[in-house]
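Subject: Handover of a structure

Dear colleague,

Please find the structure below, together with its sequence. My notes on it follow, and I would be grateful if you read them with the model open.

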Amino acid sequence: MTSSTRGTLLTIRRLELPTPFPVGPVNAYLIKDANQAVLIDCGPGTKAARDVLIRGLSEEGLVPEDLTAVVLTHGHVDHVGQAAWLQSLGVTVCAPPEVETWLQPGSRWDSYRQEFFTTLYTMQGVPEDVIHHANKDLGMLQKLNTKATVDVTLSYNQTCPVLPMFQVLHVPGHAQHALALWNAETGEIIVGDQLLPEISSNALVEPELTAKTGSEAKRTLSLMQYRENLRSLLELEISVVYPGHGPVFEDAHTLIRSRLAAQEKRRQQFYERVVESGGTSAYQLATSYFARHKNQTSLIMSETLGYLDWLSAIGEIDEVNLASGQIEWKQRRG
Ligand SMILES: [Zn+2]
């Protein structure tokens with residue numbers, strides 16, 4: 001397809017909203033035409049974010065009640081925090097149904113996730129007091145979350161009912177239930193946190209949601225899913241990327257290729273460390289590889305397990321169950 005056959009780019013207004021998190025500001029996007037105004041993501045549930053959102057809308061001649069819908073790219077608190085408030089104003093909340101498991105602070109999903117991480121971290125060598133802190137952090141994060149329900153459930157590979165010029169794509173990796181909005185005619189894509197221009201997205205390990213209890217839930221192979229998804233994005237003729245954080249950018253393919261290459265390099269480094277160790281817990285490996293970020297347990301454990309699962313899937317290392325119930329990662333022999 002040449003550019004001359006492409007449709008005219010849409011008017012997608014970026015609203016950069018402050019967050020109290022290390023990641024910095026988050027993007028919400030406003031798409032407005034004569035009939036409707038739709039917001040994609042809505043920032044954290046803080047007064048500061050709400051004020052900036054209200055100001056941004058008013059520059060477009062809108063008040064929040066004028067929004068017809070908000071589409072959530074994934075359930076993380078920096079993207080969905082204003083959803084309950086918007087819903088109370090009559091704005092329709094649209095998301096894949098599983099996103100609702102994040103939108104219910106205090107529900108069984110909080111304890112499901114905590115049980116999952118407690119079991120996982122115990123097996124992977126994380127000390128008890130560190131697990132306690134990690135769970136406390138998770139709980140605090142959820143307290144900041146919003147209590148909303150999904151009004152319109154979005155299905156992957158279907159047209160977005162409130163934005164018919166976009167297809168809803170499933171982009172698992174950073175989050176399991178994450179979507180991108182893809183306009184095949186213009187090549188525009190709104191990707192949430194799946195592809196960020198200034199930082200590499202973390203592929204976060206999550207529990208599968210289908211088990212009876214969190215402690216029985218399997219972990220997702222998030223890094224491998226993430227890579228597979230990045231490769232499938234390479235098949236799209238993308239013109240402009242609207243990311244969840246950082247500026248709007250072009251040339252998605254160059255960025256995707258550099259992310260994939262950086263991951264391959266890191267995989268090799270993890271492999272060498274496992275070999276040198278003669279056998280290691282994931283936590284030992286995580287705290288030595290990410291020595292400067294030692295206290296960010298959930299991030300460094302997700303990263304480390306992502307590479308270990310990948311190395312195991314390609315047959316280079318093994319996950320060995322010790323009599324203690326803990327797991328040791330070792331170079332595969334023979
Ligand atoms: Zn984010």
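**Findings**

Asp 41 is buried, since its relative accessible area is 2% and buried means under 20%. Please keep in mind throughout that this is a predicted model. Asp 41 sits in the loop that joins strand E3 (37-40) to helix H1 (47-59). Its phi is positive, about 65 degrees, although Asp 41 is not a glycine.

Asn 157 also has a positive phi of about 65 degrees, and it is not a glycine either. Asn 157 belongs to the loop between E6 and strand E7 (158-160). Is Asn 157 buried or exposed? It counts as exposed, because its relative accessibility is 53% and the limit for exposed is over 50%.

**Domains**

The domain assignment divides the protein chain into domain 1 (3-260) and domain 2 (272-331). The centres of the two domains, taken over C-alpha atoms, are separated by 28 Å. Where they meet, 19 residues of domain 1 are in contact with 20 residues of domain 2.

An unreviewed UniProt entry carries the annotation "domain: Metallo-beta-lactamase" for residues 25-245. Within that span, 30% is helix and 20% is strand.

**The zinc site**

Which residues coordinate the zinc ion? They are Asp 78 (OD), His 79 (NE2), Asp 193 (OD) and His 245 (NE2), at 2.0 to 2.4 Å. Along the chain, these donors follow the spacing D-H-x113-D-x51-H. His 79 lies in helix H2 (residues 77-80), whereas His 245 lies in the loop between strand E11 (240-243) and helix H7 (252-277), so this pair ties together parts that are 166 residues apart in sequence.

The angles among the 4 donor atoms run from 86 to 166 degrees, and the site is irregular. His 79 counts as buried, at 0% relative accessibility, and His 245 counts as buried at 6%.

**Thr 146**

Thr 146 is found in the loop between helix H5 (128-143) and strand E6 (152-153). With a relative accessible area of 3%, Thr 146 is buried. What is Thr 146 in contact with, leaving aside its neighbours within four places in sequence? The residues are Val 80, Gly 81, Gln 82, Ala 83, Ala 84, Leu 103, Gln 104 and Pro 105. For Ala 84, the backbone nitrogen lies 2.8 Å from a polar atom of the Thr 146 side chain. Thr 146 and Arg 273, by contrast, are 41 Å apart in space, C-alpha to C-alpha, and 127 residues apart in sequence.

**Asp 309**

Asp 309 is part of helix H9 (residues 297-313). Its relative accessibility is 8%, so Asp 309 counts as buried. Apart from neighbours within four places in sequence, Asp 309 is in contact with Arg 219, Leu 221, Met 224 and Trp 329.

With kind regards,
Your colleague

Definitions and conventions: Residues numbered from 1 in each chain as written. Predicted model: local features only at pLDDT ≥ 70, side-chain atom pairs only at ≥ 80, totals over all residues. Heavy atoms only, no water. UniProt positions renumbered as here; feature names shortened; annotations may be inferred. Helix = DSSP H or I, 4+ residues; strand = E, 2+ residues; numbered from the N terminus. Buried < 20%, exposed > 50% of the residue type's maximum accessible area, 1.4 Å probe, protein only. Contact = heavy atoms within 4.5 Å. Polar contact = N/O pair within 3.5 Å; in protein donor to acceptor, adjacent residues only side chain to side chain. Donors = N, O, S within 2.8 Å, 3.2 Å for Na, K, Ca; no water. Tetrahedral: all angles 85-135°; square planar, octahedral: opposite > 155°, others 65-115°. Domains from an automatic or database assignment.
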